[in-house]
Amino acid sequence: MNSFDLHMHSMYSGDGQFSPKELIDIADKKGLKIISLTDHDAVKGVKEITELGKEKGIRVIPGIECSTILEGNDVHLLGYGIDIENSYFVNLADRLNKLMYDAFYLRVEKIQNKYGIELDADELIEASHGKNPWFLMWTRIFNDPRYQGIEDFKDYIPGGKRSDPAPVNFFWDKCQAGSDLYVYVENPSFEDSVKKIHEAGGIAVVAHPFKTFYHKKDLLQKALDAGIDGVEVFSNYHAPEHIEYYEKFAKKHNLLITCGSDFHGEKKPSIEMGSYGLEKDGSEYINRFLKALEE
């Protein structure tokens, strides 16, 4: 029904599978006409996919998904229409990759201490071949019979209600601020990241806010005060109640409503490009979004 998808990742993300060409081929087969490449803290693939999109008649919106901290919470922030030559965004990936690996060692230590699991952080990093080792680690753990009886893991082992994608769901469910598995990563502040996106000529949109902001008016107000332009209301992580809640919030505060699959490929196998829980015509949302890009 809808021919757009504003959230997907390429191999230039730490957890993406496909090349820009492969993404364009998938988008073309699905009949998508407008997409955005939003790699984690990286703009490396945007120029390539934009040129490839032109050959297929697919408009590519320059994008990025920024890792940020807001009041101690990990919040992903989408930046659309940014200048991909902006030095801040060109250099962001290298700076944050070091933080990611430093945090991984601390996370491995906490997991070992809590669950008595045998882990070798260096081996996991090497075996991940430059990708985020979090995915390989949890795939191994949840498929290991020695650990499948651990109570905290029951929803994430194969066949469990939160098993697809298990590494992602475990992170959002069990490793956020307030959890004994939480590791503070000194990512850029949410407020500064919104400013950087605006300075680069872009639009700042909160990505898949499902649990982070749900019924948390004070935190939502912080996001508003920071100057966000929109909310990713329609997402594969959102249950109907989340969609209803965030759609009402966005309309109340005159924010853009965006739709994105968060397509990664093998790391999130159940997520399909072009699918994000919107069961009606989304022309109103995409037209307003495109208009805002031109302002």
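Trainee: Why is Cys259 counted as buried?

Mentor: Cys259 has 1% relative accessibility, and buried means under 20% relative accessible area, with exposed over 50% and partly exposed in between (1.4 Å probe, protein chains only), so Cys259 counts as buried. Bear in mind that this is a predicted model, in which local features need pLDDT of at least 70 and side-chain atom pairs count only at pLDDT 80 or more, while totals for chains, interfaces and linings use all residues. Residues are numbered from 1 along each chain as its sequence is written, and side-chain values use heavy atoms, with hydrogens and water left out.

Trainee: What makes Cys66 buried or exposed?

Mentor: Its relative accessible area is 2%, so Cys66 is buried.

Trainee: How do you know whether Cys66 is bonded to the closest cysteine sulfur?

Mentor: A disulfide is a pair of cysteine sulfur atoms within 2.5 Å, whereas the sulfur of Cys66 is 20 Å from the closest one, in Cys259, and therefore too far for a bond. By this rule the count comes to zero disulfides.

Trainee: Why is strand E3 described as mostly covered?

Mentor: In strand E3 (residues 59-70), 10 of the 12 residues are buried; strands (E, at least two residues) and helices (H or I, at least four) are DSSP runs, numbered from the N terminus.

Trainee: What makes strands E3 and E4 a pair?

Mentor: Two strands pair if DSSP finds at least two bridges between them, and eight bridges join E3 to E4 (residues 73-80), the two running antiparallel.

Trainee: What is the largest nonpolar core, and which residues have the most contacts inside it?

Mentor: A nonpolar core is a set of buried Ala, Val, Leu, Ile, Met, Phe, Trp, Tyr and Cys residues joined through side-chain atoms within 4.5 Å; the largest has 99 residues, and those with the most contacts inside it are Phe89, Met137, Phe153, Phe170 and Phe190. Its largest share, eight residues, comes from helix H3 (residues 87-115).

Trainee: Why is this core said to lie between domain 1 and domain 2?

Mentor: Domain bounds come from an automatic or database domain assignment, and because domain 1 (4-92 + 186-293) and domain 2 (94-175) both give residues to the core, it lies between them.
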